[in-house]
Number of protein chains: 2
Amino acid sequence: MLKDTVRTGSYRAAIVNNGHLFKGKTVLDVGCGTGILSMFAAKAGAKHVVGIDMSNIIDQAQNIIEANGFEDVITLVKGKLEDTELPIKEYDIIISEWMGYFLLYESMLDTVLLARDKYLKRGGLIFPDNATLYLAAIEDQEYKEEKINFWENVYGFNYSCIKDIALREPLVDAVELKAVVTNPCVIKHINLLTAKKEDLTFDAPFSLMATRDDYVHAFLAWFDISFDCTHKKVQFSTGPHAPYTHWKQTVFYTPSTLTVFEGQAIRGRLACAPNMRNNRDLDIEITYMTENHPETKIHYKMY
Amino acid sequence: MLKDTVRTGSYRAAIVNNGHLFKGKTVLDVGCGTGILSMFAAKAGAKHVVGIDMSNIIDQAQNIIEANGFEDVITLVKGKLEDTELPIKEYDIIISEWMGYFLLYESMLDTVLLARDKYLKRGGLIFPDNATLYLAAIEDQEYKEEKINFWENVYGFNYSCIKDIALREPLVDAVELKAVVTNPCVIKHINLLTAKKEDLTFDAPFSLMATRDDYVHAFLAWFDISFDCTHKKVQFSTGPHAPYTHWKQTVFYTPSTLTVFEGQAIRGRLACAPNMRNNRDLDIEITYMTENHPETKIHYKMY
């Protein structure tokens, strides 16, 4: 993921170019991985950085911190934030790269919110501090044939039961902008300074205005990330109009094809909740209708 | 993997086009997955097919078998072959798609050999019955920069300790034929009718003759599969000269670049053994030298 230059380059711009925010400050890096964000913060002038991660990668992170001469500024802690005693009790800034596919799948956002409530000083900053989830509809005949309808005839055999399962599994894939046939609609905005864990379960209406006469085979979701507290606001998008990121976009195929006309809307709702058994999994329900298409509800599983 | 047409198409040709071998026979499908090979065998005229798999996919396989009207011919069993009582005790034919990356990584070959010893009639057939592992050397400057040397400078930081780890992890990737700068050399041949579990631990010499003056950045391994018992011998290769398969090839980067001259050989040994703690993982040691390059030994881990 270090090789995702949109991702890592945006964090670098937000942190290293904002020395006036970091100089002399205490910084907590939630899910620090190899320590790249911690090193950006140290380079930006932070007085002390604490990086925490429960993965074994933190052993390598310690080697990397030392190889780069940051061992006096950066302290690494192995463990779950929920269960671990940190060497510093209050922080000016929290930094974290917590975003998953579809923003929330396997995301660490709840841990970041916990870190904020437990460790962030009043008036402290969070990098990034805003995330926005979008939905649009796409024409995707060719891929749908390959990914979904493929199961109707597998070397002459009927695999339709797999088709039903495949349809309910959102597909993480890079989609071309020309496939998008509606305006995008904001499904969810998250302000990390104020969001609560309960906000990650939501049910949002949408209205997607068709920008041309076409067919719709799927809904498409992506997210934008913003560091609003930076001097010259740093932001990046994972949408089909923006450069490739490892998050790509998320495709939700519909069972039947919709026929849409320029200026008409696909109306509906998207409900999202952490799965009861594994809260890093997501249950997503999309309800949709058009003037010519009856209300349809599909339950998707990101497991 | 059903979408790998080289793989599935070869099994179909080997089974469905050889009705004279399957007609009226009992067949055991080891690791049957969605049941595609079992259905090929049924279509080829088998009297009874038993498919066994320990994965939950077998629940879907049962639906698929029924949707295609094979429930009277195919019996599916969920479980580990080692611990499970099968409904038929002797089989004329064993079919299995057991091959992993580098042929042996996470492979089910030891289970197939066990099935052979326990269940195959004297003179019975195994589909496929032969596998051959090859090694060559490649020029791969560009990818090595991206995959390995990348770690020397990550956004200005020294990540060399990750470089050392990355070098020891063989990379599964599709390599262009033009990258190959030596003749291939057979490292291991496995005849499934006679191989023993101990044969999967081996130490083989190689001599790779350079076909042009060039540089070498990595060794490249791939395998060929053959159904020698079929009427018109069915075989396929996963090499760089053959159409793409999901197995791709396996790249072993060398720490330093070798300079090779047309007609000269890279000589060495490749030793391969299942990992002590997890026997589906592999420990691979490659020793190599040229006239101009001292003997070097690298331990690779496929975990």
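Chain A contains seven helices and 15 strands, where helices (H or I, at least four residues) and strands (E, at least two) are DSSP runs numbered from the N terminus. The model is predicted: local features need pLDDT of at least 70, side-chain atom pairs count only at pLDDT 80 or more, and totals for chains, interfaces and linings use all residues. Residues are numbered from 1 along each chain as its sequence is written, and chains are lettered from A in the order in which they are written.

**Exercise 1.** Determine which residues of helix H5 of chain A are buried, and where they lie on the helix.

*Solution.* Step 1: a residue is buried if 20 or more other C-beta atoms, placed from the backbone, lie within 10 Å of its own. Step 2: in H5(A), residues 109–119, this holds for A:Leu109, A:Val112, A:Leu113, A:Ala115 and A:Arg116. Step 3: viewed down the axis of H5(A), the directions from axis to C-beta atoms fall within an arc of 155° for these residues, so they line one face of the helix. Step 4: they pack against strands S1 (26–30), S4 (91–96) and S5 (120–127) of chain A.

**Exercise 2.** Describe the side of chain A that touches chain B.

*Solution.* Step 1: counting two residues as in contact if their C-beta atoms, placed from the backbone, lie within 7 Å, 19 residues come from chain A and 19 residues from chain B. Step 2: helices H1 (5–16), H3 (36–43), H4 (57–67) and H7 (160–167) of chain A each give two or more residues. Step 3: H4(A) supplies the largest share, four residues.

Conventions. A residue is buried if 20 or more other C-beta atoms lie within 10 Å of its own, exposed if 12 or fewer, and partly exposed in between; C-beta atoms are placed from the backbone.
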